[in-house]
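Me: Hi! I'm new to this one and would like a quick tour. Can you put it up?
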Amino acid sequence: AIKRSKNRTASMDLFAELIGELSNIRFASVSDRFIAELEKYNSQTIMKERQGHMEMLIKGMRYLKIKIYPVDALEETADFLSSCASFFKNAHGAKVKHAYAKLFIQLLLPIAEVAVAEVNFPSWAKAVDLMYPRAMKMTLKPRHILAGYPLVTTLLCVSRKEFFAANWSSVLESCYQKFNKDKYTRLVTLGCVSRLTWTYLFRCTESTAITFKKMDLIIKTLFPPFRRAVNPADTPLDHLILIVYFSLMRDVDSGTKKILFYLLNTEASSASNSHNWDLINPERMIVALTAFRLMLADLENNVQQPPFPTDIDMAGCGIPITCTADVFSGPIRAVKPEVTEKVEEIISKTLSSLDQTFGRLLVLDEKNIIMRAAQMTSGANNSTITTNYSVPIFANTVGSSEGPQIHHQYASFSVSYTKDKQ
């Protein structure tokens, strides 16, 4: 009972934080002590018998302050990771494996945004090479999926360019296959896709033509042609917004023509003077316009590269997707006038179509409003995920003389209307 008490757990967490602060001054001596303790458990028999002790010891390392510069600090960090990778490679028991996975994610994910040539350091590359095969095996077992995919993603995000190029496509495909699982698994794997996309666009770069050819495959998977729904379905749009936003920031011209206009369905809109309701894809428009607004805000503030999603819970995006200003100070040079005009035209036609279709509805009428929670909590870390967007909900209204109702939920309210008026 004492071992499981909340006070004891809180004390251990505080002690781990204290050790972490000490490592900021004397990393080599602190990390060597942990390695020496782990070596005592580096036996399959001892490992199985004392999984609880090993788990606590591994968790004690999660606050260590690893550094990648100067070179001496990088060498100490890389040697420490190589030693831990060797222990992880031979680890047994779900608790121990998951503890190692969470440790590596917490230590390495913040490095993904700032690492450049450091990932080519021999000891660093050796550590990634040791951990990656074991991490991939974890993705194949249902009980390890939620630990395996985030770890594989983190390792790729801090790997050398050649290693990333050889493996990221297969990991993407594997993530897509999990889009039919439960909601939290869908969110986690989609979060993995968004982080891999950032790494490809801003660290492991290729020519613009090749980049957007590969991005086209990702976008067409997440936003399938000839379908109004997004993939995966029934999930918050935050990660989808980030992926489009990253693409726009990689190259404004290519991003708007190949991705933004595709999501806004500009070809069909240009062929018609009015924007027919059948041409409007609500979720795609929300994703496209929010990403476009984020890009404009960054360009106005001379931000050249979007931040990396460093939230260690892959289900969370870790980046605010709201802008601080609704009105920009002036035209943004990087965005061509015809692009802005095209977006404004789409918005105008959409609003006109919505007004013609639903303008007679009174949104303040109680029968047309359904209040809903603004946030949801998911995952072991109680990560908060915004749910301001959702797909239409088809439901039979009991006692209604007008037949089935269709509820489109946006923001904190939804408008209810009959099926023949959609």
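Me: Which residues does S159 touch, leaving out those up to four places away in sequence?
Reply: S159 touches V119, V128, F164 and R203, where contact means heavy atoms within 4.5 Å. This is a predicted model, in which local features need pLDDT of at least 70, side-chain atom pairs count only at pLDDT 80 or more, and totals for chains, interfaces and linings use all residues. Residues are numbered from 1 along each chain as its sequence is written, and side-chain values use heavy atoms, with hydrogens and water left out.

Me: Is S159 buried or exposed?
Reply: S159 is buried, at a relative accessible area of 1% (buried is under 20%, exposed over 50%, partly exposed in between, with a 1.4 Å probe and protein chains only).

Me: And where does S159 lie?
Reply: In the loop between α8 (145-157) and α9 (161-177); helices here are DSSP runs of H or I, at least four residues, numbered from the N terminus. The S159 side chain also reaches the backbone oxygen of L156 at 2.8 Å.

Me: New topic: at what angle do α11 and α12 cross?
Reply: Roughly 165°, and the axes of α11 (residues 208-222) and α12 (residues 238-250) come within 12 Å. Axes are lines fitted to C-alpha atoms over the stretch in contact, and angles run from 0 to 180 degrees between N-to-C directions. The two helices, α11 and α12, are therefore roughly antiparallel (over 145 degrees; under 35 is roughly parallel, 65 to 115 roughly perpendicular, the rest oblique).

Me: Which residues of α11 and α12 make the contact?
Reply: From α11, T208, T211, F212, M215, I219 and L222; from α12, L240, I243, V244, S247 and R250.

Notes. Polar contact = N/O pair within 3.5 Å; in protein donor to acceptor, adjacent residues only side chain to side chain.
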